[in-house]
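User: Please examine the following structure and answer some questions about its fold and its aromatic contacts.

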Amino acid sequence: MLISLYEVMKNMDLLKKIWFFYRDGFREMTVGKTLWVIILVKIFIFFVVIKLLFFPNILSRDYDSDSARAEHVRKELTK
């Protein structure tokens, strides 16, 4: 099924309108910018700090070589 040039241009026009809407909206924000900073800090804490604290890299801690790690993973997958 071929998409006509008109449909492609129509979709591009819609994408441009969406882009301008968000761009202009973020430019005009005052309180919203502070809220976005808070959201980004929370996301950073959630994904980086929490991962480091609660999900350590057990394979690299317990096994010295790649072959030992691979053997452990093979054993665990075939159980």
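**Aromatic contacts and overall form**

Analyst: In this predicted model, Phe-26 has a relative accessibility of 36% and therefore counts as partly exposed.

User: Is Trp-36 buried, partly exposed or exposed?
Analyst: A residue is buried under 20% relative accessible area and exposed over 50%. Trp-36 has a relative accessibility of 40%, so its class is partly exposed.

User: How many aromatic pairs does the chain have, and what is the geometry of Phe-26 with Trp-36?
Analyst: The count comes to four aromatic pairs.

User: Which residues do ring pairs link into a cluster?
Analyst: Ring pairs join four residues that include the two already discussed. The cluster consists of Phe-21, Tyr-22, Phe-26 and Trp-36.

User: Is the chain compact or spread out, and what is its radius of gyration?
Analyst: The chain has four helices and zero strands. For 79 residues the globule rule gives 12 Å, and the chain is well over this, so it is more spread out than a compact globule, with a radius of gyration of 24 Å.

User: What share of the residues counts as buried?
Analyst: The accessible surface of the chain is about 7800 Å², with 70% belonging to carbon and sulfur atoms. Of the 79 residues, the buried share is 1%.

Methods. Residues numbered from 1 in each chain as written. Predicted model: local features only at pLDDT ≥ 70, side-chain atom pairs only at ≥ 80, totals over all residues. Heavy atoms only, no water. Helix = DSSP H or I, 4+ residues; strand = E, 2+ residues; numbered from the N terminus. Rg over C-alpha atoms; globule rule 2.2 N^0.38 Å. Buried < 20%, exposed > 50% of the residue type's maximum accessible area, 1.4 Å probe, protein only. Areas by Shrake-Rupley, 256 points an atom, 1.4 Å probe, with all protein chains shown as cover. Phe/Tyr/Trp six-rings, centres within 6.5 Å; stacked < 30°, edge-to-face > 60°.
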